[in-house]
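Have the viewer open as you read.

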Amino acid sequence: MSNIIDLLDLAIEGNAGRLRPTHIALYTVILRHFERNGYPETLPLPTDMVMARAGIMNGKTFRKTISELEQLGLLKVVEKAKNQHSAVTVKLSNLPDHLPDQKLDRHENLPDQKLVKQNLPDQK
């Protein structure tokens, strides 16, 4: 298990019926942030950036979801954010022993951005 899809599947299987879309969105963003940084032991999560990428607009929802992910055993809050503009530092929990140890290039594995002409029926 070395990619975020495998880690997300592991989390969903272990918490079937207890995860809401907000949990999955936030956990996916957190996993991706860890992956981009080479899976360090702990990692600060810039609140504004993580909320925006997870589609969370309310700070209270963010704090509640982080707390619930901790209660579910998916992460551990090492240091709480001082305010909405600072970072909460977390540690991932229940991870497999073998994770990649190198940082990913930010643009690695992204689809080609060129537009591809699709075979669409002519519109008249």
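A quick word on ground rules. This is a predicted model, in which local features need pLDDT of at least 70 and side-chain atom pairs count only at pLDDT 80 or more, while totals for chains, interfaces and linings use all residues. Residues are numbered from 1 along each chain as its sequence is written, and side-chain values use heavy atoms, with hydrogens and water left out.

**Helix packing**

Two packed helices are described by the angle between their axes and the distance between the axes. Helix 2 (residues 21-36) and helix 3 (residues 47-54) pack at about 125°, and their axes are 8 Å apart. That makes helix 2 oblique to helix 3. The labels work like this: angles under 35 degrees are roughly parallel, over 145 roughly antiparallel, 65 to 115 roughly perpendicular, and the rest oblique. The axes themselves are lines fitted to C-alpha atoms, for helices over the stretch in contact, with angles from 0 to 180 degrees between N-to-C directions. The crossing of helix 2 and helix 3 is right-handed, that is, the near helix is turned clockwise from the far one by less than a right angle.

Helix 2 has another partner: its axis and that of helix 4 (residues 59-71) come within 10 Å and cross at roughly 80°. That makes helix 2 roughly perpendicular to helix 4. On the helix 2 side, the contact uses Thr22, His23, Leu26, Tyr27 and Ile30, and on the helix 4 side Thr61, Phe62, Thr65, Ile66, Glu68 and Leu69. These residues divide into six nonpolar, four polar and one charged.

**The chain as a whole**

How many helices and strands does the protein chain have? There are four helices and three strands, running α-α-β-α-α-β-β from the N terminus on. Both kinds of element are DSSP runs numbered from the N terminus, helices being H or I with at least four residues and strands E with at least two.

Buried residues make up 34% of the 124 residues in the protein chain. Here buried means under 20% relative accessible area, exposed over 50%, and partly exposed in between (1.4 Å probe, protein chains only). The accessible surface comes to about 8,700 Å², with 51% of that belonging to carbon and sulfur atoms. Among contacts with a separation of 6 or more, 62% are between residues 24 or more positions apart.

| Residue | Relative accessible area | Class |
|---|---|---|
| Threonine 47 | 5% | buried |
| Tyrosine 39 | 12% | buried |
| Threonine 89 | 14% | buried |
| Leucine 19 | 19% | buried |
| Isoleucine 24 | 29% | partly exposed |

Leucine 19 is in the loop between helix 1 (4-14) and helix 2. Skipping neighbours within four places in sequence, leucine 19 is in contact with Ala11, Ile12, Ile24, Leu72 and Leu74. Leucine 19 and glutamate 68 are 49 residues apart in sequence, yet 9.2 Å apart in space, C-alpha to C-alpha.

Isoleucine 24 belongs to helix 2. With neighbours up to four places away set aside, its contacts are Leu8, Ile12 and Leu19. From the C-alpha of isoleucine 24 to that of alanine 11, 13 residues apart along the chain, the separation is 9.0 Å.

Threonine 47 sits in helix 3. Beyond four places in sequence, threonine 47 touches Phe62, Ala81, Asn83, Gln84, Ser86, Ala87 and Val88. Its C-alpha is separated by 8.6 Å from that of glycine 59, twelve residues apart along the chain.

Threonine 89 is found in strand 3 (residues 87-92). Again leaving out residues up to four places away, threonine 89 touches Thr42, Leu43, Pro44, Lys76, Val77, Val78 and Glu79.

You'll find tyrosine 39 in the loop between helix 2 and strand 1 (43-46).

Terms used. Contact = heavy atoms within 4.5 Å. Areas by Shrake-Rupley, 256 points an atom, 1.4 Å probe, with all protein chains shown as cover. Nonpolar A, V, L, I, M, F, W, Y, C, P; charged D, E, K, R; others polar.
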